[in-house]
Amino acid sequence: MLQRHTRARAAGAAVAATAALLVAGLSGSASAGAAAVPPAPSAPPAAPAPSAAETLRTDAAPPALLRAMARDLGLDRRQAERRLANEAEAGAAAGRLRAALGGDFAGAWVRGADSGTLTVATTDAADVRLIEALGAKAAVVRHSLTDLDAAKARLDRAAERQGTADAPVWYVDVRANNVVVQAVRPAAGRAFLRAAGVDGSLARVERIAEKPRALYDLRGGEAYSINNSGRCSIGFSVTRGSQQGFATAGHCGRTGASTTGHNRVAQGTFQGSIFPGRDMAWVATDSQWTATPYVRGAGGQNVQVTGSTQAPVGASVCRSGSTTGWHCGTIQQHNTSVTYPEGTITGVTRTSVCAEPGDSGGSYLSGSQAQGVTSGGSGNCASGGTTFFQPINPLLQNYGLTLTTTTDPGDPGDPGDPGGTWTAGTVYQPGDTVTHSGATYRCLQGHQAQPGWEPPNVPALWQRV
């Protein structure tokens with residue numbers, strides 16, 4: 001135990017230089033630069049490192065998204081803007097603490113009207129001082145995130161050999177520090193836990209009244225039809241080499257199915273589709289269709305997409321749909337599994353955003369960061385509901401796609417680092433390590449790398465080790 005505590009103190013010293021940035025971000029000021037070692041007297045002053053909010057361009061959030069956040073989350077515009085900035089800073093802080101705490105880490109989440117409070121959970125009370133030094137609140141809990149994820153994985157494996165129609169949703173709840181099984185019949189949930197061999201101390205069963213279903217008939221961005229019959233929505237524009245296309249939900253169409261655009265013009269063909277298991281697909285479009293870095297917003301406005309950094313639990317997230325317009329809510333849990341009538345899908349994100357039939361495949365955004373494509377849910381936008389989205393980064397990684405973003409074409413970023421392993425277009429997960437310009441960096445937040453986001457330039461995403 002003494003050796004682990006010593007490592008934690010050493011890790012704390014390594015990240016202490018970022019404390020000023022993180023505390024400033026969580027208090028609502030996203031413009032402070034990271035603390036740095038003073039340069040030698042003869043050296044020119046170093047430029048301040050960009051804050052997480054600056055990196056993720058929270059100041060570029062479109063008015064339509066801010067208005068929807070204000071309406072659905074009970075905020076005014078200034079609170080909505082501050083919330084996006086705080087969530088960006090909180091994600092960076094949580095990433096640094098996850099790296100510092102190692103196996104003690106038990107999850108992180110934001111709360112408050114403007115997401116001004118970040119809580120980081122640990123299984124070791126000796127980590128509290130380190131967490132609080134970086135401006136976060138500490139929660140000492142029994143189970144690590146690694147243990148909870150392992151229990152959830154056992155449920156995923158059990159679902160492959162046993163029906164889960166009456167226990168259709170399960171996920172890791174970091175705020176409660178347990179695994180939750182949602183069931184229309186609690187007895188079915190308990191039987192599922194027994195079949196998976198998950199100890200009762202790790203899990204709880206929660207009763208629900210309605211089973212989720214895939215939202216086949218909704219559209220989030222622009223509508224498209226499949227084989228001139230079914231209708232879904234474009235999620236995000238993507239490219240694969242020189243081929244343009246878009247990401248969408250797997251249940252919308254099978255590989256080889258043809259698509260027609262909202263204007264009834266022939267559009268493209270499904271190149272890959274997975275459902276159930278996951279809910280991901282992509283369509284390669286014909287030459288007359290051009291990929292743009294936009295999502296259709298309220299009144300047809302363009303909403304810019306600048307990246308795909310995953311937002312933390314508790315963060316705001318908004319969905320665009322032609323049936324119900326813009327609606328916002330919060331991220332409830334990542335890494336959720338849900339059973340639809342067609343089968344079980346894993347690795348989706350559960351949200352409090354409402355939806356109604358017609359949104360499938362459409363876009364989820366947190367600020368200007370792409371989060372995922374609409375999968376399914378329950379409820380509606382009159383009484384409220386729950387929805388699930390397929391995260392965008394695993395979709396991009398699975399098909400080798402590059403998200404179309406608003407990076408300035410006049411600034412191509414790093415011209416190259418032949419000796420390094422960092423590569424634009426690669427999807428990185430927390431804990432991944434790369435080399436760049438002779439230094440090693442650890443990934444803090446899941447994202448797809450892009451020119452301009454080289455590790456030395458974005459301390460919100462990468463930590464030098």
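**Exercise 1.** Determine which residues of helix 7 meet which residues of helix 8, and how the two helices are oriented.

*Solution.* Step 1: Arg-154, Leu-155, Ala-158 and Ala-159 in helix 7 meet Phe-192, Leu-193, Ala-195 and Ala-196 in helix 8. Contact here means heavy atoms within 4.5 Å, and helices (H or I, at least four residues) and strands (E, at least two) are DSSP runs, numbered from the N terminus. The model is predicted: local features need pLDDT of at least 70, side-chain atom pairs count only at pLDDT 80 or more, and totals for chains, interfaces and linings use all residues. Residues are numbered from 1 along each chain as its sequence is written, and side-chain values use heavy atoms, with hydrogens and water left out.

Step 1: The axes of helix 7 and helix 8 come within 8 Å and cross at roughly 100°. Axes are lines fitted to C-alpha atoms, for helices over the stretch in contact, and angles run from 0 to 180 degrees between N-to-C directions. Helix 7 and helix 8 are therefore roughly perpendicular to each other, a term for angles of 65 to 115 degrees.

**Exercise 2.** Describe the largest nonpolar core.

*Solution.* Step 1: A nonpolar core is a set of buried Ala, Val, Leu, Ile, Met, Phe, Trp, Tyr and Cys residues joined through side-chain atoms within 4.5 Å; buried means under 20% relative accessible area (1.4 Å probe, protein chains only).

Step 1: The largest such core has 39 residues, and Leu-155 and Phe-192 are among those with the most contacts inside it. Elements that each supply at least two residues of this core include helix 5, helix 7 and helix 8.

Step 2: Leaving aside neighbours within four places in sequence, the contacts of Phe-192 include Leu-155, Trp-170 and Val-181.

**Exercise 3.** State the strand order of the open sheet and identify its edges.

*Solution.* Step 1: Three strands form the sheet in the order 1-2-3, with mixed pairing. Two strands pair if DSSP finds at least two bridges between them.

Step 1: Strand 1 and strand 3 each have a single partner strand, so one side of each is left without a neighbour in the sheet.

Step 2: Strand 1 and strand 2 pair in the antiparallel sense over five bridges. Val-120 in strand 2 is the bridge partner of Ala-108.

Notes. Buried < 20%, exposed > 50% of the residue type's maximum accessible area, 1.4 Å probe, protein only. Parallel < 35°, antiparallel > 145°, perpendicular 65-115°, else oblique.
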